[in-house]
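Subject: Structure for your review

Hello,

Here is the structure we discussed. Please look through it alongside the notes that follow.

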Amino acid sequence: MSKQTIAIICGGPSSEHEVSCVSAGGVLKGLDPERFDSVLIGITKTGTWVLLPNDYPLHIQNKTMPTIEDNGQYVELTSSGLTMGDRVLDIDCIFPVLHGEFGEDGKIQHLLDEAEMSYVGSGVDASAQAMDKSLAKELFSSSGMKVADGVVVNAGDWKSKTAQLTYPVFVKPSSGGSSRGTHKVKSAEDLQTAIEDALLYDSKVLIETAIIGREIECAVLERDGKVDASVVGEIVVNPRFEFYDFEAKYLDDATTVKIPADIPDDAANEIRRLAIAAFHALGCSGLVRCDFFYTNQGEIIINEINTMPGFTGTSVYPKLWQASGISYTELISALIDTALSS
């Protein structure tokens with residue numbers, strides 16, 4: 001049986017460029033060499049597509065995140081597919097390991113649909129809805145799920161909409177995934193600074209009442225025509241961090257994931273059910289990671305959904321599946337198989 005060629009795409013213009021590179025490095029190493037050949041494509045921060053060698057450095061070194069540099073080996077995504085000059089690259093499936101803007105908001109999915117190329121993950125509409133946290137919250141709420149109280153503001157109306165807030169609150173860009181631009185605000189005096197920073201990442205800002213509870217995550221995988229949920233895990237953050245922010249996630253080794261989470265079985269099963277329900281509520285495909293709060297009163301509150309979560313070998317999504325009996329390489333293969341069969 002001949003191997004299939006998988007194009008792994010990483011980088012991009014979003015604030016999560018570096019995180020995408022690290023994830024792509026994981027996928028590249030985890031790809032089953034017996035079944036697949038790989039082509040590595042990077043997108044610079046200015047949006048230039050380049051062909052990269054498979055040994056391109058895509059790991060964190062001395063707390064420095066990797067980036068995609070322009071090497072002059074230009075690639076374009078056209079209606080004919082991925083091309084270099086007049087040559088069309090022979091690609092069977094795209095694995096767009098792109099987080100944030102352009103990767104999870106439906107933009108690259110639209111381009112891939114126009115080129116009629118198979119790709120891992122959700123389509124245009126589901127990606128766009130999941131990326132916009134305020135819109136996703138509306139869809140979750142209309143599906144009967146509990147969400148945090150909050151308000152959506154922009155640069156022109158935030159003062160009129162925040163007079164009655166009860167603190168602490170979380171301020172975050174409505175569209176984003178790596179916690180950049182996200183702040184825990186304890187008083188009205190600190191609100192403006194947090195909003196102004198969040199507006200650097202999106203024109204729409206979500207302000208939510210802080211939930212006192214444990215952070216529980218569940219991974220969802222579509223394979224063989226079925227949608228399954230993993231065991232659930234708990235994010236445990238070093239007390240010196242206020243919350244699960246960018247540095248805690250990626251740079252300081254300040255978090256651990258307890259798998260399975262030490263919560264009652266009925267609560268864990270309900271979270272698994274809700275994760276699958278969230279997947280269907282947004283019309284997702286392939287994979288998502290669903291993030292929840294579990295309060296001391298036993299309430300389950302959905303926080304957000306990520307259609308292309310972090311994908312290094314030590315990221316939460318693969319670790320949850322490993323604990324559920326699916327290895328990193330098996331997981332990657334299952335996602336590609338699902339993309340090729342859809």
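Asp224 sits in the loop between E12 and strand E13 (226–237). This is a predicted model, and in it Asp224, a residue other than glycine, has a positive phi near 55 degrees. Its relative accessibility is 72%, and Asp224 therefore counts as exposed, the cut-off being over 50%.

Asn62 is a further non-glycine residue with a positive phi, here about 50 degrees. The loop that holds Asn62 runs between E3 and E4. Asn62 has a relative accessible area of 79% and is exposed. As background, most residues other than glycine have a negative phi, and most peptide bonds are trans.

One joins Tyr167 and Pro168, with omega at about 5 degrees. Pro168 belongs to the loop between helix H5 (158–161) and strand E9 (169–173). Another joins Ile259 and Pro260, where omega is about -5 degrees. Pro260 is placed in the loop between strand E14 (255–258) and helix H8 (265–281).

Next, the nonpolar cores. The largest has 37 residues, of which Phe95, Val120, Phe311 and Ile336 touch the most other members. At least two residues of this core come from each of E1, helix H1 (17–30), strand E2 (36–43), E3, E7, strand E12 (213–223), helix H9 (316–323) and helix H10 (328–341). H10 supplies the largest share, six residues. Leaving aside residues up to four places away in sequence, Ile336 is in contact with Ile6, Leu31, Phe36, Cys93, Phe95 and Val120. Another core, of 29 residues, lies apart from this one; Val232, Ala261, Ala268 and Ile300 are among its members.

In helix H2 (residues 107–114), the buried residues are Ile108, Gln109 and Leu112. Viewed down the axis of H2, these buried residues fall within an arc of 100 degrees, so they line one face of the helix. They pack against strand E1 (4–11), strand E3 (49–52), strand E4 (76–78), strand E7 (93–96) and helix H3 (124–131). Just after H2 comes Glu116, with a positive phi of about 55 degrees.

In H9, the buried residues are Val316, Tyr317, Pro318, Leu320 and Trp321. The partners they pack against are E12, E13, E14, strand E15 (287–295) and H10. After H9 comes Gly325, which has a positive phi near 100 degrees.

Last, the cavities. How many cavities of 30 Å³ or more does a search of the whole structure find? The search finds two. The second largest cavity has a volume of about 50 Å³. Its lining consists of Pro96, Gly103, Glu104, Gln109, Val120, Gly121, Ser122, Ser127, Thr307 and Met308. Sorted by class, this lining has three nonpolar, six polar and one charged residues.

Regards

Definitions and conventions
Residues numbered from 1 in each chain as written. Predicted model: local features only at pLDDT ≥ 70, side-chain atom pairs only at ≥ 80, totals over all residues. Heavy atoms only, no water. 1 Å grid on protein atoms, 1.4 Å probe; cavity = no way out; pocket = protein on both sides within 12 Å on 5 of 7 lines; lining within 4 Å. Points joined across faces, edges and corners; volume = space filled by probe spheres on them. Nonpolar A, V, L, I, M, F, W, Y, C, P; charged D, E, K, R; others polar. Buried < 20%, exposed > 50% of the residue type's maximum accessible area, 1.4 Å probe, protein only. Helix = DSSP H or I, 4+ residues; strand = E, 2+ residues; numbered from the N terminus. Arc of directions from axis to C-beta. Contact = heavy atoms within 4.5 Å. Core = buried A, V, L, I, M, F, W, Y, C linked by side-chain atoms within 4.5 Å.
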